[in-house]
Amino acid sequence: MDSIRTWARVNSPWVIHFNSGSCNGCDIEILATLTPRYDLERFGVKLQGSPRHADVLICTGPVTRNARDRLVRIYNQMPDPKFVVVVGSCGLSGGVFHGSYNVMGGVDEVIPVDAYVPGCPPRPEAIIHGVVALLDSLKKKP
Ligand code: SF4
C-alpha cells in the first residue's frame, strides 16, 4: 500500500501557495510557472485553495509577525505527510528584509522546510527544478 500511496503522491501532488510577506515578485514567477508556457501541470501538479487537500505548501517571502500564525495554521491543517518548498531568497533567510522590525526570518524559523529555491526572484525553470527535485526525493522514500 505504501508504494501505491507514494506513486500517487509523486505523480499528482496538490499544492497550495502562501505568501508570508513577499514583495510579490516570487509570487508572479510561481503564477508564470503554472501557466501553459512553463506548464508545471505536466508533472501532475495541481494548484488548489484548501490546505486540507494539499500535499505541498509553496511559500514565498520572509515570515512577517502578522503572517506567522496564519502560516502555522495552514501548515497544521495540511494532512500528513506534507512537504514545504520555499521559493525566493527572502523565504530562505529573510533576504532583503532580514533584520526588519516586523520580520521573523526565513520560513524554516517557523515550520520545517523540505526544499529551497534560491533567487530574487527565481525563474520558473528554477521553481520547476525545485519541485521536481522534491518529488524525486519522495520516490526514494519507503
Ligand atoms: S526574493 Fe526577491 S522577489 Fe522574492 S520576495 Fe524577496 S525581494 Fe521579492
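A residue counts as buried if 20 or more other C-beta atoms lie within 10 Å of its own, as exposed if 12 or fewer do, and as partly exposed in between, with C-beta atoms placed from the backbone. The model is a predicted one, in which local features need pLDDT of at least 70 and side-chain atom pairs count only at pLDDT 80 or more, while totals for chains, interfaces and linings use all residues. Residue numbers start from 1 along each chain as its sequence is written. Helices (H or I, at least four residues) and strands (E, at least two) are DSSP runs, numbered from the N terminus.

- Five strands form an open sheet in the order 2-1-3-5-7, with parallel pairing; two strands pair if DSSP finds at least two bridges between them.
- Strand 2 (46-47) and strand 7 stand at the edges with a single partner strand each, so one side of each has no neighbour in the sheet.

**Strands 3 and 5**

- Strand 5 (residues 83-87) is largely enclosed by the rest of the structure, because five of its five residues are buried.
- Strand 3 is also mostly covered, as five of its five residues are buried.

**Pairing between strands**

- Strand 1 and strand 3 run parallel and are joined by five bridges; N19 stands opposite T60 of strand 3.
- Strand 3 and strand 5 likewise run parallel, with five bridges between them.
- Across this pair, L57 stands opposite V84, I58 has V85 as its bridge partner, and C59 has V86.
- Strand 5 also pairs with strand 7 (residues 115-117) in the parallel sense, over three bridges, and V117 is the bridge partner of V87.

**Helix 3**

- The buried residues of helix 3 (residues 65-77) include A67, L71, I74 and Y75.
- These four cover an arc of only 95° around the axis, which puts them on the same side of helix 3; the arc is that of the directions from the helix axis to the C-beta atoms.
- R65, D69, R73 and N76, on the other side of helix 3, are exposed.
- The buried residues of helix 3 pack against strand 1 (14-19), strand 3 (56-60) and strand 4 (63-64), where contact requires C-beta atoms, placed from the backbone, within 7 Å.

**The ligand**

- The ligand is surrounded by 13 residues, of which C23, G25, G88, C90 and C120 are the closest; a residue is near a molecule or strand if its C-beta atom, placed from the backbone, lies within 6 Å of it.
- Helix 2 (25-34) and helix 4 (89-93) are the elements that give two or more residues to this shell.
- The shell has six nonpolar, seven polar and no charged residues, where Ala, Val, Leu, Ile, Met, Phe, Trp, Tyr, Cys and Pro count as nonpolar, Asp, Glu, Lys and Arg as charged, and the others, Gly among them, as polar.

Note on methods:
Contact = placed C-beta atoms within 7 Å.
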